[in-house]
Amino acid sequence: MATYEYSCNRCGSFDVQLPIGTAPAERDCPQCSNTARRVYSSPATAFRSPAVAGLREQEEKSRENPAVVTRVPPEAAARRPVHPAVARLPRP
């Protein structure tokens, strides 16, 4: 679902949640039933958590210059497999 913003000349702006791509150019105002026009505004991406913002930034960096792994990290190599079937898998 996406949030679409509409502006009524009498009541001001209001938001409506609709499936993506289904918002009409005009909609009735929920308070006065006057015709309200759709307002195009920027998406609310500034309100994401710092963890999500960091992951998105890391993803963007990796798109242009991906990190190449040449060996298994020592902490991962020290862990033992939990399931016995995993222990039988071939190792390099």
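Strands are DSSP runs of at least two residues, numbered from the N terminus. In this predicted model, the strand β1 gives 3 residues to the lining of the largest pocket, which is the largest share.

**The nonpolar core**

- The largest nonpolar core holds 10 residues in all, and these are Ala 2, Tyr 4, Tyr 6, Cys 8, Phe 14, Val 16, Leu 18, Ala 23, Cys 29 and Ala 36.
- In soluble globular proteins, nonpolar side chains tend to be buried together.
- Leaving aside residues up to four places away in sequence, Val 16 is in contact with Ala 2, Thr 3, Tyr 4, Tyr 6 and Arg 27.

**The aromatic pair**

- Across the whole structure, a search finds 1 aromatic pair.
- This pair is stacked because the ring planes of Tyr 6 and Phe 14 lie at 20 degrees, with the ring centres 5.8 Å apart, and planes under 30 degrees apart count as stacked.
- Both Tyr 6 and Phe 14 are buried.

**The largest pocket**

- The volume of the largest pocket is about 230 Å³.
- The pocket is lined by 11 residues, of which Thr 3, Tyr 4, Ser 41, Ser 42 and Pro 43 are the closest to its centre.
- Two or more lining residues come from each of the elements β1 and β4 (35-39).

How values were computed
Residues are numbered from 1 along each chain as its sequence is written. This is a predicted model: local features need pLDDT of at least 70, side-chain atom pairs count only at pLDDT 80 or more; totals for chains, interfaces and linings use all residues. Side-chain values use heavy atoms; hydrogens and water are left out. Rings of Phe, Tyr and Trp (its six-membered ring) pair if their centres lie within 6.5 Å; planes under 30 degrees apart count as stacked, over 60 as edge-to-face and the rest as tilted. Buried means under 20% relative accessible area, exposed over 50%, partly exposed in between (1.4 Å probe, protein chains only). A nonpolar core is a set of buried Ala, Val, Leu, Ile, Met, Phe, Trp, Tyr and Cys residues joined through side-chain atoms within 4.5 Å. Contact means heavy atoms within 4.5 Å. On a 1 Å grid over the protein atoms alone, a cavity is a set of points where a 1.4 Å probe fits but cannot get out, and a pocket is an open set with protein on both sides within 12 Å along at least five of seven lines; lining residues have an atom within 4 Å of a point. Grid points are joined across faces, edges and corners, and a volume is the space filled by probe spheres set on the points. Helices (H or I, at least four residues) and strands (E, at least two) are DSSP runs, numbered from the N terminus.
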